[in-house]
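I opened this entry to look up how the parts of the protein are laid out and what lies where two of them meet. My notes follow the order in which I looked things up.

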Amino acid sequence: MTTKTYYLTTPIYYANSRPHVGSAYTTIACDAVARYKRMCGYDVAYLSGTDEHGVNIERAAEKLGITPAELVDRNQKIFRDLWKLLGIQLTHFVRTTSTEHARAVQTLVRRTRRHSPDAIYKAKYEGRYCIYDNLYVSDSAEPANCPLCGRPAELISEENYFFRLSAYQEKLLTLYQKQPDFVQPDFRMNEVRSFVEAGLKDVSISRKAIKWGIPWPDDPEHVFYVWYDALSSYISGIGFGEGPEGDANPRFKELWPADVHMIGKEIIRFHAVYWPAFLMAAGLPLPKRIFAHGWLLFEQEKMSKSKGNIAYAEPIVNAFDELAGAKVGNDALRYYLLRETVFGQDGNFSREALVTRYNADLANGLGNLASRTLAMIHQYRGGQVPEVSQKAKDTPGFGRFFSPEWSESTKKARVRILHSYDEFQFSAAAGEIWEIVANWGDQVLSTYQPWAKEPQPGQEWFVDALLWLVAETLRHVAVLAHPIIPDATQKIWEQLGQTGKLGDQRIDQLKWGELRPGTRVGRPEAVFPRIEKKEAVERMEAMEEEIRKGPAPAPKAEPAAAASAPAAPGATSRIGIEDFAKVELRVGEVKSAERVAGTDRLMKLVVDIGTEQRQIVAGIAAAYTPEQVVGRKVVIVANLEPRKLRGVESNGMVVAATRPDGSPVLCTFIEDVPVGSRLK
Ligand code: MSP
């Protein structure tokens, strides 16, 4: 029997900045899909990577005083480390600066020229282009702002290679008509269709002004436009580029076309219009499905570095692990992201809601059911799964749990859950699984209350059946929820005395009733210890602050997991004086101070820095009262990008030392010094 393959991709991420929870959203969702498909018996290939070319990489490197190659080397590692920390099971990671990728992109163009000689031509391009979103904003020289980020687009005028997208309008419309699920959700398909129906303009696919890119074959003055380069990663990463037609690699033949490209909604046009046209022109098969999910919003806007409203994933995972005293952070984040929002729609991110979900569904829900079940099996049955007697099966009411009808209804629930996974409706899948926790587990236990009194003589059959029932429920839940919360379900699996990796189980062949009596269960250990909300939110924010303050990790930095630990003196790599000179440190005087509502840690200050009064939010409220800081001279970092903390804009940073217990000590002066003086 040959194994079926399943190939799914996330976008490749811009390597100019550190990934945040919004970036991790696509990757976590795809990881759930990859795990699910593996559990259905597929040979799964799961690809992501880093988008390492383009003008914004060039500029980001320039700002840091390093080469683009150094920048992307450093940043791709941050991505890899984060995916490792989050337990993402990628099988392929593409870097667009690799030689294999460059060869694939050049081969794609050569192949296109052979298959469709008219598809690519050279012409003059003049227009407005957003360097931050790599988007052609308009084809005229008139000033224009980018519709995505709102910033002024730059004027570009040069000779380019163009792709004749206009010639693909009919072919694309036919594709959408024949394959209405090519783009999902449906409402996105409608948007794409309307866009194409309105008429397509040819697109420029090379650049002359930019140096940091893949050279155009036989015309190295040009480099590839980043989107042509980036989209090709979906094929280069699985071996395209070998042989004269590029498709000689056997793994490529096995995996292409992709089963799904999972993306965020803002890049749908590139995936559902440009990419299929590029592939048609090259005579290559098209991906089967493009699924565009919504945005993760934070403080009412799309979480994004340019807006400064970001939360990182590392502090969330690390704070949960630390406070729970167990490795629960990953599952907490995954569960929250996949459960809270209908996949496809926009969703809100909030640390408070994350902790609430964790405590309600994971600690009190599944975790509690697991500990109660195991504790009772130990207490009443010496740690062995009991057998269900005929008497239990024959008992009116109670006996239904052991009847063929019950078995059938569990099958129906499983079919619904699998269907939800197939449709990427993680929230519906999780909802249904937690119904099982509540209805087959918690409710059964509270109805029959085996712990209310010691089992009475003659009642053994009842306790046996009840314990088997909840243990079998738990086994079911562990298998079904594994794609969403892989760490805890593996623990539950082992606690139930099951062997091997849960990920190797066939979710599509799960059957009710297969928990073997006599199985020895493990010690009940809390899989999701409860955590205190206020403390957790503050710890996440404090750890987040450490990441923001900390130096950008050097190429050989510690894994991201360790990024929040205070650095030992002398542990960081040295910087040149020119790097230090970039930081504008000034003397400021605190004019007013008040606590930020809803947190014990943050204080809003107005600081006079000589030239102006700045509003700065500082994490000092647990150590100082507002009265203690007003009138005090402090040191501030004056040239930091503004950002929001708890919705309050902070325009700079107050410098403080950190004691071993984490509390801050403000930096101040003994001698008098004028406000606004620069520190160097
Ligand atoms: N490099 C391009 C993709 C090229 S694919 C051939 C890119 N990179 S990105 O880093 O900006 O985005 C990567 C993914 O993260 C996208 O799917 C994007 O939608 C997703 N997200 C980034 N911020 C997000 C949110 N705040 N919310 C949800 N997803 C978001 O685009």
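I began with the division of the chain, and in this predicted model I find domain 1 spanning 5–301, domain 2 spanning 348–509 and domain 3 spanning 580–666.

Next I looked up the spacing of the pair I wanted to follow, and the centres of domain 1 and domain 2, taken over C-alpha atoms, are 43 Å apart. To their contact, domain 1 brings 18 residues and domain 2 brings 19 residues.

I then turned to the buried area, which comes to about 1,700 Å² between domain 1 and domain 2, with 66% of it given by carbon and sulfur atoms. On the side of domain 1, I noted Tyr36, Met39 and Phe298, which together supply 41% of the area that this domain buries against domain 2, more than any other three residues.

Which polar links cross the interface? I noted seven residue pairs in polar contact between domain 1 and domain 2, both residues of each being at pLDDT 80 or more. I also noted one salt bridge across this interface, and I looked up the side chains of Lys37 and Asp422, which meet in a salt bridge at 3.3 Å, N to O.

Last, I asked which elements of domain 1 give two or more residues to the side that touches domain 2. They are helix 1 (21–39), strand 12 (260–264) and strand 14 (296–298), and helix 1 gives the most, with eight residues.

Definitions and conventions: Residues are numbered from 1 along each chain as its sequence is written. This is a predicted model: local features need pLDDT of at least 70, side-chain atom pairs count only at pLDDT 80 or more; totals for chains, interfaces and linings use all residues. Side-chain values use heavy atoms; hydrogens and water are left out. Domain bounds come from an automatic or database domain assignment. Contact means heavy atoms within 4.5 Å. Buried area is the accessible area (1.4 Å probe) that two parts lose on being put together, summed over both. A salt bridge is a side-chain nitrogen of Lys or Arg within 4 Å of a carboxyl oxygen of Asp or Glu. A polar contact is a pair of N or O atoms within 3.5 Å; within protein, one must be able to donate a hydrogen and the other to accept it, and residues adjacent in sequence count only if both atoms are side-chain atoms. Helices (H or I, at least four residues) and strands (E, at least two) are DSSP runs, numbered from the N terminus.
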